[in-house]
Amino acid sequence: MIFPDDVDGDVLRRLEESGFDFQKPTTIDFNVDFDSWPPHPDAVSKLKEFAGAIEIYEPDGEYSGYILFNIHQILSYKLVIDTQDNVTSLVAEYGGICESWGVLS
């Protein structure tokens, strides 16, 4: 597979090198970070509407709080980029951004 030369492409290349099966649906976790905590209630509502279930992780000393959601689909670069862009658009007015994701391989 050929992936773009960016951070997300790098992650996908590492997964491929480790033998990840890109043909099977998998659970993909996405994190949404906010400029300030707690996030605005409307941002939380929009994320629930978009993703269904979400998990809110409160700040923990050295870590900022974030909201996690996941989707279960076949992993692809387009899916990652589109999801991050769509979610960032939903919460940008509340200081939110979605730019990190991961899978358990």
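Analyst: The discussion below covers salt bridges, aromatic pairs and accessibility.

This is a predicted model, in which local features need pLDDT of at least 70 and side-chain atom pairs count only at pLDDT 80 or more, while totals for chains, interfaces and linings use all residues. Residues are numbered from 1 along each chain as its sequence is written, and side-chain values use heavy atoms, with hydrogens and water left out.

User: What makes Asp10 and Arg13 a salt bridge?

Analyst: A salt bridge requires a side-chain nitrogen of Lys or Arg within 4 Å of a carboxyl oxygen of Asp or Glu. For Asp10 and Arg13 the N to O distance is 2.4 Å, so the pair meets the criterion. Both residues lie in helix α1 (residues 7-17), 3 residues apart, about one turn of the helix; helices (H or I, at least four residues) and strands (E, at least two) are DSSP runs, numbered from the N terminus. Asp10 and Arg13 also belong to a network of salt bridges with Asp5. By this rule the count is 4 salt bridges.

User: Which parts of the chain does the salt bridge between Lys46 and Glu93 tie together?

Analyst: The side chains of Lys46 and Glu93 meet at 3.3 Å, N to O. Lys46 lies in helix α2 (residues 41-51) and Glu93 in the loop between α3 (77-91) and β4 (96-103), so the pair ties together parts that are 47 residues apart in sequence.

User: Why is Glu93 called exposed, and why is Lys46 called partly exposed?

Analyst: Buried means under 20% relative accessible area, exposed over 50%, and partly exposed in between (1.4 Å probe, protein chains only). Glu93 has 61% and is therefore exposed, whereas Lys46, at 28%, counts as partly exposed.

User: Why is the pair of Phe30 and Phe69 called stacked?

Analyst: Rings of Phe, Tyr and Trp (its six-membered ring) pair if their centres lie within 6.5 Å; planes under 30 degrees apart count as stacked, over 60 as edge-to-face and the rest as tilted. By this rule there are 6 aromatic pairs. The ring centres of Phe30 and Phe69 are 5.3 Å apart and their planes are at 15°, so the pair is stacked. This pair links distant parts of the chain, with Phe30 in strand β1 (residues 25-34) and Phe69 in strand β3 (residues 66-74), 39 residues apart. Phe30, at 0% relative accessibility, is buried, and Phe69 is buried at 1%.

User: What makes the pair of Phe34 and Trp37 edge-to-face?

Analyst: The ring centres of Phe34 and Trp37 are 6.4 Å apart and their planes are at 65°, so the pair is edge-to-face. Phe34 is buried at 10%, whereas Trp37, at 24%, is partly exposed.
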